[in-house]
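Good morning. I will go through one structure today, a few residues and sites at a time. Please have the picture open while I talk.

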Amino acid sequence: MTTVICPYCFARGPAHRLRYRCLMTRSGVRGGRQPCSPRRDDAWAEFKGGTAAPQARMRGPVFDVRRTLGPGGNRAACPDCGVLTPVRVCASCHSDLPSDYCDQDSRIIALVGAKATGKSTYVTVLVNELRHRVGTAYRGALAAMGSDTQRRDKEMAAELYDRLHLPGATPPAALGFNEPLLYRLSLPSAGRFGDGSRHTALVFFDAAGEDLGDAAAVDRYTDYLAAADGIILLVDPLQLPAVREELPPGEGPPLPRMETSPQQIAADIAGQLRGHGRRGARGRVSTPLAVALTKTDMVRPLLPPQSPLLRNARHDGGAFDDVDRIAVHEEVRSLLEGWDGGELHRRLDRDFADVSFFGLSALGSPPPATAPADVPKSGPQPVRVEDPLLWLLTRRGLLPVRKAKEGPVGKAKEGLVRKAKEGMTRGGGT
Ligand SMILES: Nc1nc2c(ncn2[C@@H]2O[C@H](COP(=O)(O)OP(=O)(O)OP(=O)(O)O)[C@@H](O)[C@H]2O)c(=O)[nH]1
Ligand SMILES: [Mg+2]
Ligand SMILES: [Zn+2]
Ligand SMILES: [Zn+2]
């Protein structure tokens, strides 16, 4: 059974419970019947904010069906006019869903981080890497779903890769700009008899950093976090006081302002998720949390020459290398230890049952000091942007994982692996 999560209101349910919207076309109307005309759609208008004028509430009629017709079995005949429609809507908020969104399970990946940590840049570069380098390594494919995502996806890529402009600050959700980005990720199916593809709908939400402090936007944000299969928390090292002091002075673009601390954001997320029943053993939140340092290009002078943060993971044989992941985790943990005395790590350890640290650079080098709103001339040369997402996919069994070779560690569950590695010295991972 396919479970679909509405990317707008996050209601969850079986695909066959979705409803349909009549397109009100004249052609194809069954003999003797009239074409449909718009009707008040209060469920949709309320969800959109409830302030819509009466005419703006008028939309194609929504109906339920017992069985579907047409190629692929995903169209249904309107009970009034008889015309087939492919448009499915969420049973709860009546938002229209792209027709290909409903054919596979949805996975929601929440992307959070304080203002200017690099979320918008990251999502654009991540999508591009999944399409090309990483997609090739895993024999996978990524496709934007629905006209909204397709349009934004093109715009985002053109800005960053063709015009070499960095994204502007994302406006807060209250302005209604932050629609979800919907992608279909296709991977070779992992099953024993699998020679086909397994599809997953990935939902990214590029939130505005300032929404994390804004009580009015928090409600919608909470539903989003509660629905998430995994959370990526981006941490900007340039917003950590110790890093600002350690960096060689004078070079590079101006440092960003210091916004909400990652400890604060992590604590808030944990609080919200506990309230939504995502509480696991010892009161810790069960949703996997990938905590990623961004802009690692800027902290290169502070890294040892053999640091795993300086190069991409290899993805040999289309498997996620967990030994490499642990080496990165240890490296970042030890860096943070030096920067904040381990405060963030302790906070996360108290609040989350399943955490891993990552370090990435979307651009690969700092924006030019003379043009801080631009991508470096060479274009983005990302390092390790894919790791957090791939790890989260492995947590849902969507990617094969290569663990340490022999011994109890190789056979052990994740917790044991982590415990064993916590005793290891830094840099001993690979
Ligand atoms: N050095 C370096 N700087 C980066 C990188 N990615 C983003 N930045 C810088 O961080 C700034 C903010 O990036 P955004 O992607 O807009 O950050 P955001 O988290 O979406 O910000 P809000 O939408 O305001 O919350 C950019 O303008 C760049 O100056 C990176 O990989 N390396
Ligand atoms: Mg943004
Ligand atoms: Zn909905
Ligand atoms: Zn109709």
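I start with D236, which sits in the loop between β15 (230-235) and α6 (241-246). Before going further, note that this is a predicted model. Is D236 buried or exposed? The relative accessible area of D236 is 2%, and under 20% counts as buried, so D236 is buried. The side chain of D236 has a polar atom 2.8 Å from the backbone nitrogen of L238. If we set aside the neighbours within four places in sequence, D236 is in contact with A116, T117, P256, T294 and K295.

A backbone N or O atom of T117 is 3.3 Å from an oxygen atom of ligand 1. What else lies around ligand 1? There are 21 residues around it, and those that come nearest are K119, T121, T170, G209 and D297. A polar backbone atom of G118 lies 3.0 Å from an oxygen atom of ligand 1. For T170, the distance from a polar backbone atom to an oxygen atom of the ligand is 2.8 Å. On its own, ligand 1 has 650 Å² of accessible area, and the protein covers 90% of that.

Next, the zinc ions. Which residues hold the zinc ion that is ligand 3? Its protein donors are the SG atoms of C6, C9, C90 and C93, lying 2.3 Å from the ion. The 4 donor atoms subtend angles of 106 to 112° around the zinc ion (ligand 3). Four donors count as tetrahedral if all angles lie between 85 and 135 degrees, so this arrangement is tetrahedral. Along the chain, these donors follow the spacing C-x2-C-x80-C-x2-C. C6 is in the loop between β1 (3-5) and β2 (12-14), while C93 is in the loop between β9 (88-89) and β10 (96-97). The two are 87 residues apart, and the pair links distant parts of the chain. C6 is buried, at a relative accessible area of 2%. C93 is buried as well, and its value is 2%.

Now the zinc ion that is ligand 4. Its protein donors are C22, C36, C78 and C81, each through SG, lying 2.2 to 2.4 Å from the ion. What is the arrangement of the 4 donor atoms around this zinc ion? The angles run from 102 to 115°, so the arrangement is tetrahedral. The spacing of these donors is C-x13-C-x41-C-x2-C. C36 is in the loop between β3 (19-21) and β4 (39-40), and C78 is in the loop between β7 (76-77) and β8 (84-85). The pair therefore ties together parts of the chain that are 42 residues apart in sequence. Both C36 and C78 are buried.

Let me move on to P180. Where is P180 found? The answer is the loop between α4 (146-162) and β13 (181-188). P180 is buried, with a relative accessible area of 4%. Not counting residues up to four places away in sequence, P180 touches P7, Y8, T149, R152, V203, F204 and F205. Between P180 and A207 there are 9.1 Å from C-alpha to C-alpha, and in sequence these two residues are 27 apart.

The loop between α4 and β13 also contains L164. Phi of L164 is near 55°, a positive value in a residue other than glycine. Most residues other than glycine have a negative phi. R384 is another case to look at: its phi is near 60°, again positive in a residue other than glycine. R384 is in the loop between β18 (355-359) and α10 (387-395). With a relative accessible area of 0%, R384 is buried.

Last, the chain as a whole. How many helices and strands does the chain have? The secondary structure comes to 12 helices and 19 strands. The chain has 430 residues, and 50% of them count as buried. Among contacts with a separation of 6 or more, 74% are between residues 24 or more positions apart. The chain exposes about 19,800 Å², of which carbon and sulfur atoms supply 52%.

Notes: Residues numbered from 1 in each chain as written. Chains lettered and ligands numbered in written order. Predicted model: local features only at pLDDT ≥ 70, side-chain atom pairs only at ≥ 80, totals over all residues. Heavy atoms only, no water. Donors = N, O, S within 2.8 Å, 3.2 Å for Na, K, Ca; no water. Tetrahedral: all angles 85-135°; square planar, octahedral: opposite > 155°, others 65-115°. Helix = DSSP H or I, 4+ residues; strand = E, 2+ residues; numbered from the N terminus. Buried < 20%, exposed > 50% of the residue type's maximum accessible area, 1.4 Å probe, protein only. Near = heavy atom within 4 Å. Polar contact = N/O pair within 3.5 Å; in protein donor to acceptor, adjacent residues only side chain to side chain. Areas by Shrake-Rupley, 256 points an atom, 1.4 Å probe, with all protein chains shown as cover. Contact = heavy atoms within 4.5 Å.
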